[in-house]
Amino acid sequence: MKTVTLKINGTEHTAEVSPRTLLVHLIRENFSMTGTHIGCDTSSCGACTILIDGKSAKSCTILAVQADGTEIITVEGLATAEGLHPIQEGFHLNHALHCGFCTAGVMLRAVELLEKNPNPTEEEIRWGISGNLCRCTGYNNIVKAIQWASAKMQGKELPSTEPVFV
Amino acid sequence: MTQNPKPRKKKHSLNIDAPLHVTGRTIYLDDMPELGGTLYAKVYYSPYAHASITSIDYSEARQQPGIIDIIDHSRIPGENQIGGIIPDEPLLAVDELHFIGMPILIIVSTDELNAHKASQLIKLEVEEKEVIVDVEEAYRRRSFLSAPIHFSLGDAEHAFTDCAHVFEGSASSGGQEHVYLEPQGAYAIPQQQGMKIFSSTQGPTAVQHTVAKVLGWSMNLIEVDVNRIGGGFGGKEDQASPWAAMAALAAHICQRPVKLILERGEDLQMTGKRHPYQSHYKIGLDTSGKIIAFEARYLQNGGAAADLSPAVLQRTLFHSTNSYYIPHVRISAYSCRTNLPPNTAFRGFGGPQGMYVMEAALDHAATALDIEVHDIQRKNLLYESAEFPYGQLAEACAAQHCWDEAVESYDLSGSMKKIEDYNAAHQWSKKGLSLMPICFGISFTNTMMNQARALVHVYHDGSVGISTGAVEMGQGVSSKMIQVAAGCFGLPHEHIKLESTNTTRVANTSPSAASATADLNGKALQDACSQIIHRLQDLLRDQWSLTEADELQIDNASAYVAGTDHLMSWQELVTLAFQQRVNLSAKGHYATPTIHFNKETSKGIPFAYHVYGTAITTCTVDCLRGNYELDKVQIVHDFGSSMNRAVDLGQIEGGLAQGIGWMTMEELIYNDKGQLKSGNLANYKIPDIYSVPKEVQVQYLNTPGAELAINKSKAVGEPPLMYGIGAYFAIHQAIKRFNPQAVIPYSAPMTTEKVLLALYSKRDSE
Ligand code: FES
Ligand code: FES
């Protein structure tokens, strides 16, 4: 057993884990934060994406011990006392989720994307989330949600969130 | 049934679940807090596609630390049987193994790692038998899962002799893995009486019934609760039941809570998929391009047990003529037994497979006659009162309307001109375009299943709790149910809470499937709400001494009579009703009227209504590599009067993407030993963001909507999947622009490899 200490969503946590424990299990089982999901266990789907020291990572393919001493953000840590993170608002308002199982992972990936590139083109957004699978939405609204969040974070005029028909 | 109050005018575009999803507060099955003492079950399954067990020894595995029990078929107290339509599928193998992934043992342990270690110590000895994977081989041997089904209209045999042109050929479509992002699973908890099961299922009653059968208990001892599921797409309609039954069996034997959640790899190996089909068609046209006669034989690869295959097979025939009227039709379908996992429901339920063959036949005819396929398509579209091969007449038929609107508003001729110019200017890159009309019937084709119930409580503080048989799986049915109740009571949706789907609150539910969930459950919910509203109205009429002429309204969170001082808030009204001992709870029931179907004659009115639409798909093929991109898909869709445009548009986009995946890139590969070679998400590719069209446009065709649709908002779950078939034929068109002599077998999915082969194919004679 090894002792792992890390900061999750601003709070320090310590746990005794076996060397083979995956980070996603540490988060879900030891710390009872179940917003991070497991969709494949082979780093194919991105449902388990979290931020480790600001960088997005698939927590199903990282050992808990590797995350010792890091700072982690999960979906539970996106909102602040002031309210939802713009990416959360964006996903909500643009109906960028159906079953919701992929949502946390895609949002966290998008948060990193927007931090590095606050004003991404549509192509950059697509490239940015190409490692995340969603079986429900067809992705279009996910792109819109990220564009909306980008506008909001930069104080720009917000795109309409009404469903668009021709 | 009482008269429904008018639904509220305002159209909400809300997804009631979004705030939970974006904050990570949604509770899926594996997110539930576990009870102390919870055990974990792991399934030990057959590594052979066809074999007899000669011996199985798990004594060493049983001794492993943490192993609480290893359960085989002999420990089942009830029936070792999970077949839903036909009892041909054991829960745990007895002595015969019929597919790779067939469950044999349940390993129960204190943690998943120990179970995994134990499974590797199990010694299975078998006598291997001949494996059949190929559906045509199964057909040759007359190895069927159920009786063949035949539909006919007119006199196809004679009609062919009158046809100027007759074309025959074959078309095959591959299977499709559901990849609901949340894998299958269940959590069973022994109760002081009976068993409570949390299940990731589309069919709570199917789970309840199966568990009861396996445990040998009556259904009232089994409570099934579904909070929501992380995607289903048909894969959890019947095939969620075995995992629940295994968890319950283990929980019963160990008298402790047992959780069974499949890992993705296990899920891919053990569960059934969309049925692959191998079909043969014959189509006859007159000189003007009218289709006179159509014959087809559909061979369905059903896998090793019937599961839902007979029903899926039937829907293939229902949709075999897609959106076209054909006066003479003779079609037969065979469900063939092979050594694959039992294939099952998948969005479209056999319909897409039938429609694909129809489109292949039309493409064949057009290619041979050297005319545009859309000229043939347009000429044969369904019209009002045209007869389907099953005897129902097209009503409020929007087939031509959708098509013409698409052609006009998306400027088809302009698009075609642009494509021509592009193709003339590019030697190694070609564009292709297709039109894909759809017509999809709404209702369970098993008439009995078209019923639903709902339970509504108005609590005495004025808040409302509703329960239905609908399972939320991402299709937005929760939002629609809340809209229905809010509309009936005239309350803001924040006043309404939707409860989990639970068999003790709403019994005998049909699965959330067949696109009919919102219609059936919504109408049952309206019935329940109306009963309460009527009681409240009676109370007020009495209280305010109103006459029949007074227009009493309960809306905007209040009750009032227009033009008078009579006014009461919702809260006051409910308080008054409670004081007056008015019943503030109601149970609603709904059974779709008018529908019926005679299986003997294959005639009837199986569908409450049909949904229509047309998609124009444009793609670009890289003629050096065989890669392709979908440039855009432009759709005109018959929504009726959508009650939730955001949800419905989302279903169009998501269904389209899934249809495209099935038709283009999702390839299930089995070797001749029946081994799934594309057994994880790294080699079974579902559409990522680059595989979906760069642009999707949807035109909302405002049709009157069907009375039998909830609030006239037509069902939208399955129909859009079939737009994806357009991607397949658009790619064909592009290939023909590069190589007019290309020989392209009708074989979906149209993977990059197949595209490349087709680009450089030659006719034999050359
Ligand atoms: S669960 Fe980690 S990538 Fe799928
Ligand atoms: S919303 Fe269901 S997988 Fe993305």
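B:Ser199 sits in strand β10 (residues 195-199) of chain B, where helices (H or I, at least four residues) and strands (E, at least two) are DSSP runs numbered from the N terminus. The model is a predicted one, in which local features need pLDDT of at least 70, side-chain atom pairs count only at pLDDT 80 or more, and totals for chains, interfaces and linings use all residues. Residues are numbered from 1 along each chain as its sequence is written, while chains are lettered from A and ligands numbered from 1 in the order in which they are written.

B:Ser199 counts as buried because 33 other C-beta atoms lie within 10 Å (buried: 20 or more such atoms; exposed: 12 or fewer; partly exposed: in between; C-beta atoms are placed from the backbone). Beyond the neighbours within four places in sequence, the contacts of B:Ser199 include B:Ala186, B:Pro204, B:Val207 and B:Ala244, a contact being two C-beta atoms, placed from the backbone, within 7 Å. B:Ala244 is 45 residues from B:Ser199 in sequence, yet their C-alpha atoms are 6.5 Å apart.

Turning to the domains, chain B is assigned domain 1 (39-130 + 178-270), domain 2 (277-445 + 599-759) and domain 3 (451-591), with bounds from an automatic or database domain assignment.

Finally, the contact between the chains takes 41 residues from chain A and 46 residues from chain B. Elements giving two or more residues to the chain A side are α2 (86-93), α3 (103-116) and α5 (140-153) of chain A.
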